[in-house]
Amino acid sequence: MKIDWAALGSVFGVSLVATVALVGLFTLGVIGLSKQERAAAQGGSAALARTGAYACFALCLGAVAYGIYLIVA
């Protein structure tokens, strides 16, 4: 049995980068929602924070759906 170490390293690197990016994007969404709550408590409008948070969550959902599509197809 021969292991292609370059391909294994490539898969590991892409998986690591994708995981860190997805977690970071989700974290930005959570931070956006917390800023929206803070602005609402202070009496201001937080439409931009809410919109940005929802966009981050939508991008996370799209990335997960694309990953599932790649696995199934």
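User: What are the angle and the axis distance at which helix 1 and helix 2 pack?

Analyst: In this predicted model, helix 1, which covers residues 5–41, packs against helix 2, which covers residues 47–72, at an angle of about 155°, and their axes lie 8 Å apart.

User: Why is helix 1 called roughly antiparallel to helix 2?

Analyst: The angle between the two helices is about 155°, and angles over 145 degrees count as roughly antiparallel, so helix 1 is roughly antiparallel to helix 2.

User: Which residues make the contact between the two helices?

Analyst: On the side of helix 1, the residues in contact include Leu22, Leu25, Phe26 and Gln36, while on the side of helix 2 they include Ala49, Arg50, Phe57 and Val64. Sorted by class, the contact has 15 nonpolar, three polar and two charged residues.

User: Why is glutamine 36 called buried?

Analyst: Glutamine 36, which lies in helix 1, has a relative accessible area of 16%, and since buried means under 20%, the residue is counted as buried. Leaving aside residues up to four places away in sequence, glutamine 36 touches Ala46, Ala49 and Arg50.

User: What makes isoleucine 31 partly exposed?

Analyst: Isoleucine 31 is also a residue of helix 1, and its relative accessibility is 38%. Buried would require a value under 20% and exposed a value over 50%, so isoleucine 31, at 38%, counts as partly exposed. The C-alpha atom of isoleucine 31 is separated by 9.8 Å from that of glycine 52, although the two residues are 21 places apart along the chain.

User: How do you know that valine 64 is partly exposed?

Analyst: Valine 64 is found in helix 2, and its relative accessible area of 41% falls between the limits of 20% and 50%, so the residue is called partly exposed. Valine 64 and leucine 22 are 42 residues apart in sequence, yet 8.8 Å apart in space from C-alpha to C-alpha.

User: Why is the protein called more spread out than a compact globule?

Analyst: The protein has two helices and zero strands. Its radius of gyration is 18 Å, whereas the globule rule gives 11 Å for 73 residues, and because 18 Å is well over that value, the protein is more spread out than a compact globule. Along the principal axes, the C-alpha atoms fill a box of roughly 65 × 25 × 10 Å, and buried residues make up 11% of the 73 residues.

Terms used. Residues numbered from 1 in each chain as written. Predicted model: local features only at pLDDT ≥ 70, side-chain atom pairs only at ≥ 80, totals over all residues. Heavy atoms only, no water. Axes fitted to C-alpha atoms, helices over the stretch in contact; angles between N-to-C directions. Helix = DSSP H or I, 4+ residues; strand = E, 2+ residues; numbered from the N terminus. Parallel < 35°, antiparallel > 145°, perpendicular 65-115°, else oblique. Contact = heavy atoms within 4.5 Å. Nonpolar A, V, L, I, M, F, W, Y, C, P; charged D, E, K, R; others polar. Buried < 20%, exposed > 50% of the residue type's maximum accessible area, 1.4 Å probe, protein only. Rg over C-alpha atoms; globule rule 2.2 N^0.38 Å.
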